[in-house]
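Good morning, and thank you for joining this meeting.

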Amino acid sequence: VSEVRRRASNQSTETASSAIAHFLEVSSTPGEASRGWLLLTAINLLAGAGPRVVEALASQALPSTLVKCLYLFFDLPPINNNETISNKQRSEELAQQQQQQQNIDNMPDIDKECKNKQDSNQKLVDMDKERRGSGQIMRADPSEQSFDRDDLRSGIEAASEVNSNEQTAEMPGAPIRPRRTGEVTAPNAPAQVATGISAQERRILLQKAKHHLSELNEHRSTKPLDGPKGEKAKWKKNGDLAGILETVVGSQPCSAEELAHKDDLALLFSAITTWCPDHNAIWRKSAGEVLMTLSRHGLSPAVVKYVHKLHCLAACVDNMRKRMHEFSSGQVLEMFVCLFCLLKDSSEISHVLLDEFASCTGYGLVAEFMLRCESELGEVLHDQGRERGSRTSPVAALLAGGGDNAADDDDDAARDSNRESTDNTSANKRAKAETDAQALRREENEQVLSSLSVLLTSLVTCGSEPLKPAHPQSLFHMDGFVLPPALARGTCVRNLDAYKVIEGCFWRAQSERLQGLLLDSMASIYKADPANYFILEPSYPLSALLDAMHKKPKRVQIGLLKLVEYVPEHLRFVPCKELVTISRVIKEPDCSEETALLCLETLQTILKVKPLLFKNVFREVGLLEVLVLRLQLCHDEQELVQPIIDVLQALLSGSQENCGVFRDSGGLKCAQGLLRSPRCRPLALALFKEVMTSSASPDEDMTWLLAAVQTADAQVDLKIDCLLALHGLLAESHRIRSVFRKVGGFVYLMTLLACLEGCLSPAQARLRPPQLLRLIRTILDTIAVAMRYEPANAKVFASEICATNSLIDSLKLLGCFACGEEGTSRTLAQIHAVFTGDANDDVQRFDHLDVCTLIVRFLYDMAVDCSTTATKLQLQTGQNSHCTVLPPGAALCLSLPPTEDPLIVHSGVVTALLQILPSLCDRNVQLYVAELLRSLVRTERNQQIMCQAGLAGQLVSRMKSALEDEGHQLHIVMQYMLERLAAQALEPRELRAFLRLGSPLRCDGPFKDGGPVPLTRIKTLVSMTTPKDGPTLSTVCAAFVELSLSREGFSCLFLPSVAPQSLSGPAMVGVVAADSVLGGIGAGDRVFPPQT
């Protein structure tokens, strides 16, 4: 302390700093000049001895003295290094020294000492002359030097050992140790080492030489510190000033308190923001590191009070604001790092420094600097793009300067080409240098922005007292939600001013780079602690960040929406404000399709968290109406229709309230408009299905769909798609089938069928729509599905459609049952192939007879309520060469045994087949249809069903000619059907009409003689009255009930059709009578009355 004060007394700052630095540096001259280095080494060793030693050092004002030295070193002049020599010369001198040393080793001891002194003195003289003659001055920029800290420590330790040996040799009375062969005495050793350390190197050793090892090795080509194997010796930091300051000042609070007591702590704050020449910039960096070490280990309430009382932070901020243009971005960042470390460490003691930093607009300075770096980065990128666009190749420049007399001026052109080539080469070099400089600037600014965002993020969680999260006000709450407490230090938000800077810069940032960095900072803050969302919600809500989201880059939009998804997924909280903001963004006219898609993806993700809850939330915040409005603005070419409809489907599924809001907001009309587009039609129909199945009163919706099918003029594909959607609804919901009946759906479909009048006529064969047959098939299938499992619908269809001949009349209007061209007859095999073929093929490949066959197939499938049965029919030929169609049937009633004949479901359709039979022009087609009808009345169940439908009366009235004429091709088939039906039930008028066919025996009057009753008719009567169950039917007992009137009597109900009976035939000689079982279920005889 006294040595420093003596050299700084009554001197200018430059003179004092030079004198102190010369005193503290390693010197090549023995004596007083090396005492400062030894003092630093001793202080460094003492500072590591423990707290008591550090307190003793602080009591002697050592910390304040070292800080003053550090502050004075800002005015150090550049180094005039006249001792520098080239690496080659040093190598040669080293080799000469080694050779001379070997020669001296062979001399006597006295001669050796003399020779060593002589050679040493002569060498110093020669080197001094050479350096004066060369006049070389080397200046080093400490800020551009870098080397490893461990290497520096090893080097400093080695240098200190050299100087200690030198001092030991000079001390009077020092013991003289015996010399060994080849050993150099202590006085000569320092001279050899010193000659290898230049002034620049000695200055680096004094400084905190962490970043200067590479530069030091460049100056030291002889590498005297290398090991014997060429490996670099590990240096130890024993005497550099910055390291001692960090050890003394930062190890104990007493050192910082001593600085405050001496009023020298303010010098550190002033030092980190003070300008200095480039060669002294390392001292400012050392001051910053000392201040950070002090804030980490040496802060106490007294130190914090001193810093606040002297307004050190305010002075730093003011100085940085005034002199920011004098520093590079990296240097300003270092200043902010020091201040932020101090603020963070002091926040654990008191909040006064944070308040002071905010009151002196320190946060505003941070924002200003961040935006300035962003602006510089944008300018660099703009300049690079402009340079790339303005570069032209030398060949293009030569080609651009041609003329008419080029052949006469070849020599001049060659010289001009050489000059231009030279100019282009130099220009390219300059451009490359500028490009490299710009790349360095860009990299520096990007690093500054990244580091500053991290610093601000860490400062948000600094504070002496935690902030309490506010209880959110929300109409909806998720199960298991509990307001998280704010307890964790380092993760919970405690400094809202720092967060305000992050959010403010996010709003003002123009580049995607800075916006992304700040968004990452905010995301890390939200995810660091569950309570942070609720702490920030009252003052800085997340919804505010979403207002201008559509004006941000895509990466930023994705990050913001991920934050919204984080709230319900991890915090179990309903973000109503954020959802309202998203709805406003989607509603904005300038909201792009890309932004809307991202918002819709987020809505889908939130819906999956808890669907039942968020369906109500979306409705209450107005998202449902916004989606309908956005859907109305979409064109069918956009990719936005499908995501919107997907979200709407999820919202409408199972929610009657949402369906009502959707209908009231015009969603159905919007869906109806989308039906015109083939691309959007499936989506609109899927949306309509959700409305139908979830709506409380789907009558209006059903009417709208049926009306849309009817009004779709000349669009067969639209009608088919709508009918298929209706088909799916009817198949899934009993309620929809009931609504279909109530709104008159059968009438709508019959009207649609009637609107196809003449479409299948032979005259319109070339103008038929390709999918016309599929449309007719879909209409009939839809009617069949509407009646499936709905007896009420089937009754309405039979009474209102079939009984009034609406079905047959609509089919006849198609025009396919009119007589076609002559010679277009078909064989039964061809008809069967068409009947069992693919009915969805193009209608153009069928003629009118094939179309008639397909219409009959549609009716047949509808009658048996099976769309696939007809494809499995087999064509067989009987004894009379008549076609017999045997459809494989799986019985619909499981209590009946399996049968090959199908079961009739809709008898009215079978009656329609009979009514349409006379309208068929081709004889083979008529026969094929008659055989189909014959196959349907084989079983007693079907016979009873058709008797109730009045098929017998229809046969007598409509097939009169076939029953009268025994030679008619349909006579046998019609007679068989009448016999089967009459065995079950026959009305008197029907029997009377059958017997009077042809007016036999003048039954219709005396003037019409039809002759005798035909024999076939008599046979028919016999067949009608003959039982069809076998020869033993007459032996079957009748059903009866037996009652016993005794006190303990019993009763029995006997049903022959259920109880099996065994009958034995008459006994014959030599013949064993075989038992036969009649009626019942099972096998074997049942004793009556039962024994149990």
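A residue is called buried under 20% relative accessible area, exposed over 50%, and partly exposed in between, with a 1.4 Å probe and protein chains only. Lysine 562, at a relative accessible area of 46%, is therefore partly exposed. Please note that this is a predicted model, in which local features need pLDDT of at least 70, side-chain atom pairs count only at pLDDT 80 or more, and totals for chains, interfaces and linings use all residues. Residues are numbered from 1 along each chain as its sequence is written, and side-chain values use heavy atoms, with hydrogens and water left out.

Let me turn to the salt bridges. The term denotes a side-chain nitrogen of Lys or Arg within 4 Å of a carboxyl oxygen of Asp or Glu. How many salt bridges does the structure hold? The number is 23.

Lysine 562 takes part in one of them, with glutamate 565 as its partner and 3.8 Å between the closest N and O atoms. Both residues belong to helix α27, and because they are 3 residues apart, about one helical turn separates them. Helices here are DSSP runs (H or I, at least four residues), numbered from the N terminus. Glutamate 565, in turn, is buried, at 8% relative accessibility.

A second salt bridge joins the side chains of lysine 554 and glutamate 594, at 3.6 Å from N to O. Lysine 554 is in helix α27 (residues 554–571) and glutamate 594 in helix α29 (residues 593–609), so this pair ties together parts 40 residues apart in sequence. Lysine 554 is partly exposed at 41% relative accessibility, and glutamate 594 is partly exposed at 40%.

I now come to the aromatic rings. Rings of Phe, Tyr and Trp (its six-membered ring) pair if their centres lie within 6.5 Å; planes under 30 degrees apart are stacked, over 60 edge-to-face, and the rest tilted. Across the whole structure there are 19 aromatic pairs. One of them consists of phenylalanine 506 and tryptophan 507, whose centres are 6.4 Å apart and whose planes stand at 70°, so the pair is edge-to-face. Phenylalanine 506 is buried at 0%, whereas tryptophan 507 is partly exposed at 33%.

Phenylalanine 835 and tyrosine 860 are also edge-to-face, with 6.0 Å between centres and 70° between planes. This pair connects helix α43 (residues 828–835) with helix α44 (residues 848–864), the two residues being 25 apart. At 0% relative accessibility, phenylalanine 835 is buried, and tyrosine 860 is likewise buried at 0%. One aromatic cluster is made up of Phe336, Phe340, Phe357, Tyr363 and Phe369.

Finally, charge and ring may meet. A charge sits over a ring if NZ of Lys or CZ of Arg is within 6 Å of the ring centre and within 35 degrees of the ring normal. Arginine 934 lies over the face of tyrosine 976, 4.5 Å from the ring centre.
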